[in-house]
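Welcome! Here is a short tour of the structure shown below, taken one feature at a time.

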Amino acid sequence: MTSAHAPFPAGPDAESILDQNAELGAEVLVWSMEREEFDSPDAVKRGVQRVNVAAEHAAARGMKIAYHNHFAEFSQFFGGVQAYDLLLELLDDRVLVELDAYWAVLGGADPAEILTRLGDRARFIHVKDGPAVSYSDDVMVPIGEGRIDWRTTLSVPSGLRWHIVELERLHIDTFEALRRSYDHLVGNGLSLGAR
């Protein structure tokens with residue numbers, strides 16, 4: 001198991017979250033902050049405190065935390081500072097990153113530039129494609145048939161270990177979309193396929 005999307009293990013449910021995911025064999029737990037937690041620098045700081053507590057709890061169990069973005073991290077600025085940069089500055093250094101490149105593009109960011117900046121901290125990437133115009137209404141398409149420049153994004157030097165295809169909403173058969181995505185990614189040498 002590469003990782004698991006699970007709430008940050010902070011607060012009264014922390015031990016239960018860690019126990020469940022340890023039993024599953026998940027060594028990295030990935031989650032996000034809420035959109036409203038990017039409304040102000042103080043909101044970001046409060047949200048990051050929860051993530052950092054989670055990183056401490058996870059480390060005590062030999063596990064790690066990774067942060068998964070949506071679009072607010074990139075669309076919000078505070079005095080010229082992008083909310084994502086503030087987030088990274090405040091996060092515990094042990095917190096890894098799962099970049100959702102699609103939502104980053106929707107927020108106005110360049111995922112290749114972000115990956116270059118993140119270096120080894122970026123371990124996972126959500127690979128999805130589509131128009132990248134609406135968080136709630138976008139319909140995804142097979143990888144390589146939408147707006148995202150995957151050739152550039154997946155070719156920059158980074159710490160990526162896993163390309164995770166995530167097609168949330170489709171107008172075609174899911175398995176057909178996965179097959180076409182696999183063919184595009186592996187056929188163009190962007191991802192490793194089954195051996």
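## Getting started

Helices (H or I, at least four residues) and strands (E, at least two) are DSSP runs, numbered from the N terminus. This is a predicted model, in which local features need pLDDT of at least 70 and side-chain atom pairs count only at pLDDT 80 or more, while totals for chains, interfaces and linings use all residues. Residues are numbered from 1 along each chain as its sequence is written, and side-chain values use heavy atoms, with hydrogens and water left out.

## Around Ser-191

Let us begin with Ser-191, which sits in the segment after α8 (174–187). With a relative accessible area of 12%, Ser-191 is buried (buried means under 20% relative accessible area, exposed over 50%, partly exposed in between, using a 1.4 Å probe and protein chains only).

Which side chain makes a polar contact with the side chain of Ser-191? The partner is His-163, at 2.6 Å. A polar contact is a pair of N or O atoms within 3.5 Å; within protein, one must be able to donate a hydrogen and the other to accept it, and residues adjacent in sequence count only if both atoms are side-chain atoms. Leaving aside residues up to four places away in sequence, Ser-191 touches Leu-154, His-163, Leu-185 and Val-186, where contact means heavy atoms within 4.5 Å.

## The sheet

Six strands form an open sheet in the order β1-β2-β3-β6-β7-β8, with parallel pairing. At its edges are β1 (4–5) and β8 (162–165), each pairing on one side only. Two strands pair if DSSP finds at least two bridges between them.

Within the sheet, β3 (residues 64–68) and β6 (residues 96–100) run parallel and are joined by three bridges. His-68 stands opposite Glu-98 in β6.

## Aromatic pairs

Rings of Phe, Tyr and Trp (its six-membered ring) pair if their centres lie within 6.5 Å; planes under 30 degrees apart count as stacked, over 60 as edge-to-face and the rest as tilted. By this rule there are four aromatic pairs. Phe-74 and Tyr-84 form a tilted pair, because their ring centres are 4.4 Å apart and their planes meet at 35°. This pair links distant parts of the chain, with Phe-74 in helix α3 (residues 72–75) and Tyr-84 in helix α4 (residues 83–90), ten residues apart. Both Phe-74 and Tyr-84 are buried.

Tyr-102 and Trp-103 have ring centres 5.0 Å apart and planes at 80°, so the pair is edge-to-face. Tyr-102 is buried at 0% relative accessibility, and Trp-103 is buried at 1%. Ring pairs also link Phe-71, Tyr-102, Trp-103 and Tyr-135 into a cluster.
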